[in-house]
Amino acid sequence: MALAQPSVKSYLGIAKEATKGTPVAATNFIPFTMNTFKPVDVIAPLYDEALRGSMAQTYNYLQGRRHTTIDVGGPVFADTVGYFIAGILGDVTTTGASAPYTHTIALKNAVGGSGDAQPTAFTITDFYSANTRYYPGSQVTDFGLTFNADGMLEYTAKLMGFPSTTTTAPTPSFSTVLPTQVWTGTVTIGGSTVGYTRTAELTLARKNEAIFGIGNTQAPYQVFLGALSATGKATFVMQDDTELTRYITNTQPTLTFNFSTGSGSTATQVAFTLTKGAYTTGAIERNADYVEVTVDITGIANTTDVGATSGYSPIKFTLQNSLVSGTYQ
C-alpha cells in the first residue's frame, strides 16, 4: 500500500523566463507558510445540454480553456521577496559592485511609445512529494504586506499563469537570510520618524486577465496585467490629533516604512515609500486600553516614485541583499 505524502516536504522554486510561458528550472527557492500555498489549474467547464427528448439536463462534459492561479504567503525574507515585488511592479535598477546590492523597484511604464510595459513572467516549481509541477508564464497580480509591532513582516502573493506541466524534482537550496522582524523597522511620516505605529498593511493589486484566442490550444494567448493600485491601512497610538488631522486636511504625507538589519556584506533591507500617501479614512478607536487612530491609505501616482522607465508610480521599494543585477527582472 502506498504511503501518504507529508506536506512538510514541499518546496517552492522560482525563475524568471526568457520567453513567457516557456518553463525554466528554478534558480531560487522561497520558504512559505504551509497552508498558504495553493496552485490550481483552472479549467472552464463546457456542458452539453442540448435536448434529447429526455428529462435529463447534462449529456456531456467537455473541458474549456485552461489557466492557473497560485496563492502563497509567509514571512518576508529580504532576498526572495523581491521576486514578488518585482513581479508586480516590473522596473528594477540594481546598484553596487558587491554585496549588499541595492535594488530599486518601481512601476514599469512605456512612456511615449509602444514598448513592453509588462513585468517579466516567472516559472513556479511546486514539489509536493507525490510529484513536481511547473507553472509557467506566471505573472504576479497581487502582493501584500502585513505587520504588527510584536511580530514578523509577512507577505501574501497571487499569480496567474499558463497550464501546469509535470517535471523532475530539483534539488532545493535556500539562502541563510533570516525573516524580517518588525521591531527592526522605522516609520517616517511627512519627513519625521514616529514610534507610535502599532499595525499596518500594504496591498498592491493589478487588473489582470487570461486572454484567450483561437489557436488550437487550451492555454491562454496571453496573461495580461493592467493598471496598478497601492492601498494600505495603519493604526497608531493616538497621543494627539496629528494623524487624524492629516486625514481631515488631506495632507497626503510621504510615508516610508524601512526594515533594515545587519551590516557590511550581509546587510539586508526591505523598504517602501509612498511619496503621496492620501489618508482616505480616519477613525478614532477604543479597542485597547489606550486610544488609537486607524487610517486607510491610497498611494497617489507621482513622478518621484518612478524608476528607469519614467512616467508615474504610486510606490517605490528598496531592497538590499546579496542577489546580483538581473535576478528579478
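Biologist: What is a polar contact?

Modeller: A polar contact is a pair of N or O atoms within 3.5 Å; within protein, one must be able to donate a hydrogen and the other to accept it, and residues adjacent in sequence count only if both atoms are side-chain atoms. Here, the side chain of T94 makes one with the side chain of H103, at 2.9 Å. This is a predicted model, where local features need pLDDT of at least 70 and side-chain atom pairs count only at pLDDT 80 or more, while totals for chains, interfaces and linings use all residues. Residues are numbered from 1 along each chain as its sequence is written, and side-chain values use heavy atoms, leaving out hydrogens and water.

Biologist: Where is T94 found?

Modeller: Strands are DSSP runs (E, at least two residues), numbered from the N terminus, and T94 is found in strand 5. Two strands pair if DSSP finds at least two bridges between them. Strand 5 runs antiparallel to strand 6 (residues 101-107), joined by 6 bridges; V92 has I105 as its bridge partner in strand 6.

Biologist: In what order do the strands form the open sheet?

Modeller: The order of the 7 strands is 5-6-19-16-15-11-12, with antiparallel pairing. Strand 5 (90-95) and strand 12 (192-194) each have a single partner strand, so one side of each is left without a neighbour in the sheet.

Biologist: Is F37 buried or exposed?

Modeller: Buried means under 20% relative accessible area, exposed over 50%, partly exposed in between (1.4 Å probe, protein chains only). F37 counts as buried because its relative accessibility is 13%. This residue lies in the loop between strand 2 (28-29) and strand 3 (38-48).

Terms used: Helix = DSSP H or I, 4+ residues; strand = E, 2+ residues; numbered from the N terminus.
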